[in-house]
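Please work through each task before reading its solution.

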Amino acid sequence: MTSPGDDAIKNDATKHKAQLTGVSETALLTLYGRAREAGRPDGVIDDPMAIRLLDSIDYDFSRFGSPRQDMSIRAKTFDRWTTKYLSTHPDATVVALAEGLQTSFWRIDAALPGARFRWVTVDLPPIVDIRHRLLPASPRIELRAQSALDYGWMDQVDATAGVFITAEGLLMYLQPEQSLDLIAECAKRFPGAQMLFDVPPAWFAGLSRRGWLRTSLKYTVPAMPFSLTPTEAAKLIDLPGVRSVRDIQLEPGRGAVINGLISLAHSSKLFHPLRGVLTLLEFG
């Protein structure tokens, strides 16, 4: 377990000025949504570390527009399946690819009393610098300042007790061949591991490539080259080393309408082309 001092954001005299651009800036977008959701009395996620991190960053978060619960629902779903794996592999290593400013380690650590799992963050240097400056250090956390496509990170992962790889909000920003190559390389290097990733539907990715996907008048979401339908994701079973493919339903959100839509989109094949996919792969 972390010590009491580990639970606090590092105390800087002034806020850290975040200067992120392009895809890296989406780390601020998702942090904003999660922290604002966690601050609601009826929030769908408990994330005090996100609130503290948001308050320690100097950035005009209002340019993202009104925060929504979708980022928190996604994070909660990733937490559930990561925790599920760790419940049977308590000494495993979690590799968070392009983790951005997620605070998943602290949420999962709080959910698993006596936790022993290790955590490896793989992200670009500007993101890792913010994490190093503002988030608590832990002997169980390793920060690697490199692209997820620089496969050198794989050489540093201790796979003896199991590996769970997350690619939350990553693959959609890669070219299709890059995403598929990354999955294939993970399958080759980590037999017995699991990997969880999400990608949007084609129509959504198409809007982003045309510059039509905006959260406000001030912010346009970066282009997303990669998308999958549930049917296309199921075909990943044909990749060498992939033993199983599971289509994961999002965790419940706040409100009957959003929960009804989540359930309907997952259960009805008529809606499959309209929804994104959250896919759990098991490597053999």
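**Exercise 1.** Leaving aside its neighbours within four places in sequence, with which residues is E168 in contact?

*Solution.* The model is predicted, so local features need pLDDT of at least 70 and side-chain atom pairs count only at pLDDT 80 or more, while totals for chains, interfaces and linings use all residues. Residues are numbered from 1 along each chain as its sequence is written, and side-chain values use heavy atoms, with hydrogens and water left out.

Step 1. Take contact to mean heavy atoms within 4.5 Å. With those sequence neighbours set aside, E168 touches R74, A75, F78, L97, A98, Q102 and D198.

Step 2. Locate the residue: E168 belongs to the loop between β6 and α6. Helices (H or I, at least four residues) and strands (E, at least two) are DSSP runs, numbered from the N terminus.

Step 3. Examine the side chains. Those of E168 and Q102 are joined by a polar contact of 3.3 Å; the term denotes a pair of N or O atoms within 3.5 Å, where, within protein, one must be able to donate a hydrogen and the other to accept it, and residues adjacent in sequence count only if both atoms are side-chain atoms.

Step 4. Classify the exposure. E168 counts as buried because its relative accessibility is 11%, the class being under 20% relative accessible area, with exposed over 50% and partly exposed in between (1.4 Å probe, protein chains only).

**Exercise 2.** State the strand order of the sheet and identify its edges.

*Solution.* Step 1. Two strands pair if DSSP finds at least two bridges between them. The open sheet has 7 strands in the order β5-β4-β3-β6-β7-β11-β10, with mixed pairing.

Step 1. β5 (141–145) and β10 (242–247) each pair on one side only and are the edge strands.

**Exercise 3.** Trace the chain from β3 to β5 and describe the setting of β4.

*Solution.* Step 1. β3 and β4 run parallel and are joined by 5 bridges, with V95 opposite V120 in β4.

Step 1. The crossover through α5 is right-handed.

Step 2. Because 5 of the 6 residues of β4 are buried, this strand is largely enclosed by the rest of the structure.

How values were computed. Right-handed = clockwise from strand over helix to strand, strands pointing away.
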